[in-house]
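Hi,

Here is the structure I promised to pass on.

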Amino acid sequence: MKSTRFVIRAIAAAFTLGAAMFGVAHAQNFPTRPVTLVVPYPTAGAADIFGRSIAQAMETTLKQPVIVENKPGAAGNVGLTQVARSKPDGYTIGLGTIGTQAINQFLYTQMQFDPATDLVPIALVSTTPNVLVVAANSPWKNLGDVLAAARAAKDKKLSYGTPGIGSSPHLTGAYFEAMAGVELLHVPFKGVSASMPALIGGQIDLLFDNLSGSIAQIKDGSRVRGIAVTSLERSPMLPTLPSFAEDGVKGFDVTAWFAIYAPKGTPQPVMDKLIEAARVGLKSEQVIKAYERLAAVPGNLFGPDLAKFEAGERAKWGKLIKERDIKAQ
């Protein structure tokens, strides 16, 4: 009986050792075939462009194609759920955003993955501020004017449009209300293609949007006027536009961000290779130029540093969503 147990243990130990050696060999050889980057949003949008740019740039280091697969749905949750449930071998990674990683879990009760535990951060891909915009014929020239009008409005609140409930611009508006002590009326639209005409046509008073979606109109200046960017510092893409922090709301700091992730359990040697590929790719001229066109800058956080940044973002937006009682519809 003892000899039988000994043999079984020996076989189990050999199997475990063999599996470990196989895992090490796999990690050392990674990648030996194309890698898939899941973008949980439709083609042609900012997230798609950010994803395709970094995917192409990573190919130089990985020496394998990085194929983008668009999987939109449920504010990004569908695509990231697929990534979280994928085999943790490095061959399926995903593009996450401030929405999927720091906002959605507080808005949706039926989340199929936990962004804090089911996905492992690879790299912050890009950051871009949001921006407050008014129509060109608006009497408000700066943030001080907007604040004064909001405080004087009383029962007839100023209205602000966004690309939708739970979007980064929506929460930026809610954060502005909380930080500045004003009350506004949120009017959600299906994207900036609907909210921008409403602003220009006078149906809404203000517009919060990603800078990438409004920068061309702001630079043109014939139909809209930029008021302030939401990042702590001015954007190098619009250096003449002040930040909220310097123009009346101290400490105000909001940026939209995009990052890439692997499923939980991905071997560290594989993660190291993905992180290095992203680090090199984000310094490439093609990525820098592609992101400039979207009023964005390449990210500079990787692995544990990105995880720490995310934790702060989740604490910030989770608190705001709860206090403002914001719910997805």
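Arg33 lies over the face of Tyr91, 3.7 Å from the ring centre. A second case is Arg279, which sits over the face of Phe302 at 4.3 Å from the ring centre. (A charge sits over a ring here if NZ of Lys or CZ of Arg is within 6 Å of the ring centre and within 35 degrees of the ring normal.)

Before you read on: this is a predicted model, where local features need pLDDT of at least 70 and side-chain atom pairs count only at pLDDT 80 or more, while totals for chains, interfaces and linings use all residues. Residues are numbered from 1 along each chain as its sequence is written, and side-chain values use heavy atoms, with hydrogens and water left out.

Now the aromatics. The structure holds 12 aromatic pairs, counting rings of Phe, Tyr and Trp (its six-membered ring) whose centres lie within 6.5 Å; planes under 30 degrees apart are stacked, over 60 edge-to-face, and the rest tilted. In one of them, Phe176 and Phe208 have ring centres 6.1 Å apart and planes at 55 degrees, so that pair is tilted. The two come from distant parts of the chain: Phe176 is in helix H7 (residues 168–180) and Phe208 in strand S7 (residues 206–210), 32 residues apart. (Helices, H or I with at least four residues, and strands, E with at least two, are DSSP runs numbered from the N terminus.) Phe176 is buried at 0% relative accessible area, and Phe208 also counts as buried, at 0%. (Buried means under 20% relative accessible area, exposed over 50%, partly exposed in between, with a 1.4 Å probe and protein chains only.)

Phe176 has another partner: its ring centre is 6.5 Å from that of Phe252 and the planes are at 80 degrees, so this pair is edge-to-face. Phe252 lies in the loop between S8 and strand S9 (255–263), so the pair ties H7 to a part 76 residues away in sequence. Ring pairs link Tyr160, Tyr175, Phe176, Phe208, Phe244, Phe252 and Trp317 into a cluster.

Also in H7 is Glu177. Is Glu177 buried or exposed? It is buried, with a relative accessible area of 6%. Leaving aside neighbours within four places in sequence, Glu177 is in contact with Tyr160, Val182, Glu183, Leu184 and Arg324, contact meaning heavy atoms within 4.5 Å.

Next, strand S8 (residues 224–229). 6 of its 6 residues are buried, so S8 is largely enclosed by the rest of the structure. S8 pairs with strand S4 (residues 119–135) in the antiparallel sense over 5 bridges (strands pair if DSSP finds at least two bridges between them). Val131 stands opposite Val229 in S8. Val229 is buried, at 0% relative accessible area, and beyond neighbours within four places in sequence its contacts include Pro129, Asn130, Val131, Leu241 and Phe244. Val229 and Asp209 are 20 residues apart in sequence and 9.8 Å apart in space, C-alpha to C-alpha.

Last, a helix pair. The axes of H2 (residues 46–62) and H11 (residues 285–292) come within 9 Å and cross at roughly 175 degrees. That makes H2 roughly antiparallel to H11. Axes are lines fitted to C-alpha atoms, for helices over the stretch in contact, with angles from 0 to 180 degrees between N-to-C directions; under 35 degrees is roughly parallel, over 145 roughly antiparallel, 65 to 115 roughly perpendicular and the rest oblique. Phe50, Ser53, Ile54, Gln56 and Ala57 of H2 make the contact with Gln286, Val287, Ala290 and Tyr291 of H11.

Cheers
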